[in-house]
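Reader: I have a model open and some questions about how its pieces pack. Can we go through them one at a time?

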Amino acid sequence: MCGIIGYTGKRQAAPILLDGLKMLEYRGYDSSGIAVSENGGISMTKAKGRLDNLVKLTDGGKSARGTMGIGHTRWATHGEPSDVNSHPHIGEKGNFALVHNGIIENYLDIRAFLCAKGFTFRSQTDTEAVVQLLEYYYKGDVKEAIAKTLNKLRGSYALGILTRFDPDTFYAVRKDSPLVIGLGDGENFIASDMPAVLKYTHDFILPEDGDIAVISPTKVELFNRNGETVEHKPFKVDWDVESAEKGGFPHFMLKEIHEQPKALEQTLLPRFDGYSVKSDGIEFSKEYLGALKKIFIVACGSSYHAAMVGKYFIERNCRISTEVDLASEFRYRSPVLDENTLTVVISQSGETADTIAAMRDAKAHCSRVLAIVNVVGSTIAREADDVLYTRAGPEIAVATTKGYTTQVATLMLLGLFIADATKSMSKALYEKYVDELKALPAAVQRVLDENVEALQKLAYDYFAFDKTFFIGRGMDYALALEGALKLKEISYIHAESYAAGELKHGTISLIEKGSPVIACATGEELFEKTLSNIKEVRSRGASVIALVKEGREKTMGAEAQHVVSLPALSDEMMPCVAAAALQLFAYYVAAAKSCDIDKPRNLAKAVTVE
């Protein structure tokens, strides 16, 4: 969601803040602003709309002079997008200014309390309640005021705080929202995500929940709410700036689609030693696996669709009952959890609020938690009992591509690891899967090499339709869900996915002459049944685009108007292979409609609020 940047050092802060906010645009936002410490006061500039508006207002940062500041891109939750509701917010007395990512759940109570004390509020936001509370509690000690304020807040937050009392020191705190501290030479940074400051540093500290960071150009000190010093070991990030830039592609999304073969190689190949799967230090004892009764896979959005593929693979091959849950619903259905359940949580960012809450609930009920995440040191990575990193590298576009396919691949690694430990799979089948996972990057590369022109043409044939249907069975149904999500989130076309066998139970009434139907028919086991469902929609006048394995083109060509042929691997591998084709189709549809592909409206990369 919202992006945060902060800087203190010898250079002018505003250009660095704007540069960092540019790198955070992918998080989703509708307004932006900066505040700079200047001549014993705080100067602030804010603008509704795209960051370019703020850049123009500040003449690229030249009009905001000062060597310390904070910046923000806001994704509206409380109060409409406007200049007034934009961050930073400044206190009534002008002593404090702050930026905030998260939600303050009790802000109305705080507002009522402060209004009774004579405070006046300018905005509709929950954030302004925090800065006014700081003003109320400040009696000469900034850290004490921050600590007292935090004790009154209920909700999630990452805060960057400027004061007018010190020209080069600012403060940062976090609880359940992402925040990193970047360490430079004579300068230091905060950011909600590392790409914002990778141009300046690769050394980071990850503050824990409740930490208060005091940041000057030459020093970073961390304290808990009791004022006691805490230490966190810095770590180095091996991503480079180029990884977080477009590299000649028109959009990050297209770049990241084409990075998938490399991302899959990084995820898969180092984890094989011949036919053995390396477990990254995770150990499941025979006793634990023998007593394991159920696996829950919990995720949101595309990660949920990856989880569905993982369920099919693990349940079929490991013979352990496996359920998939939306993280936002998991806690509220009171799932039966204990020490004989394994909860697998999946999140690209490792900061998804609902997934964090689900993870904590599972741990509170004694379930072991294994995390599949991309971002090293993220909240989920730190709090889970075990971690498998997807190693996809930075993903900037809001719509995930390589994040999704590497999650699917990692779930298959997990399934193979469990199957090998429990001997639930024959040696021949196990080795076949290992060989095919090793071949997966090359198969995805073939999709990208051989299908771009055809998919681009199909996109231009179909971009004007206002609704599209996706159908599939088994793992192809999970693939259809992901394909529909990709199309709707970046092209704004109403796209729905259905289990193909359910069409006759009501959904087929929506099919009319010319209705675009994308049929995922990559699985051999259910191919004939899916073909029957395609006949059903064709008889109602649908226009069908079908995805099939090589060798099935002729059979499918008798029914579908368009056939996309894909490299043939086992049914279980096809969701990874076919995903690349659906991603390209969605991308080119959105391009034909001139959509803002990397920053689709109303969406954010990391959903850090419930």
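Reader: Where is Thr-390 placed?

Author: Thr-390 lies in the loop between β22 (386-389) and α13. Helices and strands here are DSSP runs, H or I of at least four residues for helices and E of at least two for strands, numbered from the N terminus. This is a predicted model, in which local features need pLDDT of at least 70 and side-chain atom pairs count only at pLDDT 80 or more, while totals for chains, interfaces and linings use all residues. Residues are numbered from 1 along each chain as its sequence is written, and side-chain values use heavy atoms, with hydrogens and water left out.

Reader: Is Thr-390 buried or exposed?

Author: Thr-390 is buried, at a relative accessible area of 2%. Buried means under 20% relative accessible area, exposed over 50%, and partly exposed in between, with a 1.4 Å probe and protein chains only.

Reader: And what does Thr-390 touch?

Author: Leaving out residues up to four places away in sequence, Thr-390 touches Ala-263, Thr-267, Ile-372, Val-373, Asn-374, Thr-406, Gln-407 and Thr-410. Contact means heavy atoms within 4.5 Å.

Reader: On to α13. How many of its residues are buried?

Author: In α13, 18 of the 21 residues are buried, so the helix is largely enclosed by the rest of the structure.

Reader: What span should α13 have, and what are its end C-alpha atoms doing?

Author: Helix α13 (residues 402-422) should span 30 Å for its 21 residues at 1.5 Å a residue, and its end C-alpha atoms are 30 Å apart, which agrees. The expected span is 1.5 Å times one less than the number of residues.

Reader: What follows α13?

Author: Lys-423 follows α13, and its phi is positive, near 55°.

Reader: How do the axes of α13 and α14 cross?

Author: They come within 11 Å and cross at roughly 155°. Axes are lines fitted to C-alpha atoms, for helices over the stretch in contact, and angles run from 0 to 180 degrees between N-to-C directions. α13 and α14 are therefore roughly antiparallel to each other. For these labels, angles under 35 degrees count as roughly parallel, over 145 as roughly antiparallel, 65 to 115 as roughly perpendicular and the rest as oblique.

Reader: Left-handed or right-handed for α13 and α14?

Author: The crossing of α13 and α14 is left-handed. That term applies if the near helix is turned anticlockwise from the far one by less than a right angle; clockwise is right-handed.

Reader: Which residues meet between α13 and α14?

Author: From α13, Met-412, Leu-413, Leu-416 and Asp-420 meet Tyr-430, Tyr-433, Val-434 and Leu-437 of α14. By class, the contact of α13 with α14 has seven nonpolar, no polar and one charged residues. Nonpolar covers Ala, Val, Leu, Ile, Met, Phe, Trp, Tyr, Cys and Pro, charged covers Asp, Glu, Lys and Arg, and the others, Gly among them, are polar.

Reader: Now α14 against α18. What angle and distance?

Author: Helix α14 (residues 427-462) and helix α18 (residues 574-592) pack at about 30°, with axes 8 Å apart. That makes α14 roughly parallel to α18. α14 passes α18 in a right-handed crossing. The residues of this contact of α14 with α18 divide into 20 nonpolar, one polar and no charged.

Reader: Which residues of α14 and α18 meet?

Author: Those in α14 include Leu-440, Val-444, Leu-448 and Gln-456. Among those in α18 are Cys-576, Leu-584, Phe-585 and Tyr-588.

Reader: What comes after α18?

Author: Ser-594 is placed in the segment after α18. Ser-594 has a positive phi of about 60° although it is not a glycine, and it is exposed, with a relative accessible area of 65%.

Reader: What about the phi of Cys-366?

Author: Cys-366 is not a glycine either, yet its phi is positive at about 75°. Cys-366 sits in the loop between α11 (353-364) and β21 (368-373) and counts as exposed at 53% relative accessibility.

Reader: Last one. Which residues does the cis peptide bond join?

Author: The cis peptide bond joins His-87 and Pro-88, with omega about 0°. Pro-88 is in the loop between β4 (68-74) and β5 (89-90).
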